Amino acid sequence: MLKGYVPPYNATVVQKLLDQGALLMGKTNLDEFAMGSGSTDGIFGPVKNPWSYSKQYREKRKQNSHSENEDSNWLITGGSSGGSAAAVSAFTCFANCESSNLILWLKRTWALGSDTGGSTRNPAAHCGVVGLKPSYGLVSRHGLIPLVNSMDVPGILTRCVDDAATVLGVLAGHDPKDSTTIQDPVKPFTLPSLTDVSKLCIGIPKEYLTPELSSEVQSLWSKAANLFESEGAKVTEVSLPHTSYSIVCYHVLCTSEVASNMARFDGLEYGHRCDSDVSTEAMYAATRREGFNDVVRGRILSGNFFLLKENYENYFVKAQKVRRLIANDFVNVFNSGVDVLLTPTTLSEAVPYTEFIKEDNRTRSAQDDIFTQAVNMAGLPAVSVPVALSSQGLPIGLQFIGRAFCDQQLLIVAKWFEKQVQFPVIQLQELMDDCSSVFENEKLASVSLK
């Protein structure tokens, strides 16, 4: 739909980075219009996870007597910001922006992505990097192609929590071009080193212990909670009672807003336009049929169904009411004294592409967003931190969720946790020779959860 399109202005987040000396380098891949959880439905084809070619994964495959066939056994990155996560994970860029499909060159490995239901945190977990979704309204959405206006947030992908805080400090603040941004001035984010966690209360939502959760992720989740407890923090089980309704509620609201937002792509003002000259209506239909893939067209049709006059009250309005209940669940938990919630980010490690495509986009999105989309509906900050490698030699991440606009507190806790776990750097032989100094800087004195 937007092939060859050149935006007439920069997104606010891009302009703020340019103002700080960033250099735009190129474009990255993503699911079409950010609709997906695997980065497999982009116009340029699927994104391959760099960990598919890592020494850690290859050695595990050899031990398990798997044939070494890179063409058929490569792994998905997660999505929809998979191109950005892959670029940062593989050290192929030192910052890039998926939300506007741009690569940026800065002094460290930073990235931006769009996060509507987990599209930054999901690929971060699968690619072994840090993925931050800021509080809704903290970072401007101006220039971000909208998927779901009430949930979209420019996210941040980095190799460490400190870098995420640095980027957030640049991007956060009021934007007169985005009325949803906060009015109060935001100071640069600096993260002090937390040495005493005894005053912290960590909440463990019992509803997130789902049957589909892999045993390895569950084990690491439990070990992480034990780590906080052993260091003096209070760890308590909490309840988010409307969690079971969240993914259905998210689907109704997401597709409804998608149907509205995609209406602008009509072939008249910009983007693809078909050659049909039978009538304006025929041109509209042919343009959208040619310009959108099956996933986008499916979500548009679903959304328009929910927004029909006879369905509006039963679907869209009810979903909005459930969204309020979900948001109130988080408010009640944080009002009870909990500082941060600790949850899984994904159900499992990254899976091979051939396994991922056995199920359709909607089914995969419902599975992969189960731990992440409720945060977007509540407008809260959340960050995925890589914890350890699975038995297959692949990254597993855990998610921290904070109070609204308490992003700094959330990152302080995440930074402490990051320093306690010894997450290994990806070993790509062709990069190790050239980037040995970078790898050395990535090493952290820490203890392992494995």
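Arg 297 and Asp 294 form a salt bridge whose closest N and O atoms are 2.3 Å apart; the term stands for a side-chain nitrogen of Lys or Arg within 4 Å of a carboxyl oxygen of Asp or Glu. Both residues sit in helix H10 (residues 294–306), three residues apart, about one turn of the helix. Helices (H or I, at least four residues) and strands (E, at least two) are DSSP runs, numbered from the N terminus. Arg 297 counts as partly exposed because its relative accessibility is 27%, and Asp 294 counts as exposed at 60%. The cut-offs here are under 20% relative accessible area for buried, over 50% for exposed, and partly exposed in between (1.4 Å probe, protein chains only).

A word on the source: this is a predicted model, in which local features need pLDDT of at least 70 and side-chain atom pairs count only at pLDDT 80 or more, while totals for chains, interfaces and linings use all residues. Residues are numbered from 1 along each chain as its sequence is written, and side-chain values use heavy atoms, with hydrogens and water left out.

**Salt bridges**

A search of the whole structure gives five salt bridges, including these:

| Pair | Closest N and O atoms |
|---|---|
| Arg 297 and Asp 294 | 2.3 Å |
| Arg 121 and Asp 115 | 2.9 Å |
| Lys 358 and Glu 355 | 3.2 Å |

Arg 121 and Asp 115 are both buried. In the pair listed last, Lys 358 is exposed, with a relative accessible area of 64%, whereas Glu 355 is partly exposed at 38%.

**Helix packing**

Two packed helices are described by the angle between their axes and the distance between the axes. The axes are lines fitted to C-alpha atoms, for helices over the stretch in contact, and angles run from 0 to 180 degrees between N-to-C directions.

Helix H7 (residues 215–230) and helix H15 (residues 407–420) have axes that come within 12 Å and cross at roughly 105 degrees. H7 and H15 are therefore roughly perpendicular to each other. Angles under 35 degrees count as roughly parallel, over 145 as roughly antiparallel, 65 to 115 as roughly perpendicular and the rest as oblique. From H7, Ala 224, Leu 227 and Phe 228 make the contact, and from H15, Val 413, Trp 416, Phe 417 and Gln 420; contact means heavy atoms within 4.5 Å. By class, this contact of H7 with H15 has six nonpolar, one polar and no charged residues. Ala, Val, Leu, Ile, Met, Phe, Trp, Tyr, Cys and Pro count as nonpolar, Asp, Glu, Lys and Arg as charged, and the others, Gly among them, as polar.

Helix H8 (residues 243–261) packs with helix H11 (residues 313–335) at an angle of about 130 degrees, and their axes are 9 Å apart. H8 and H11 are therefore oblique to each other. On the H8 side the meeting residues include Tyr 245, Cys 249 and Leu 253, and on the H11 side they include Phe 316, Arg 323 and Ile 326. The contact of H8 with H11 divides into nine nonpolar, three polar and one charged.

**Val 130 and the whole chain**

Val 130 lies in strand E5 (residues 130–133) and counts as buried, at 0% relative accessibility. Beyond its neighbours within four places in sequence, Val 130 is in contact with residues including Ile 156, Cys 160, Ala 164, Val 383 and Glu 418.

The chain has 17 helices and eleven strands. Buried residues make up 56% of its 450 residues.
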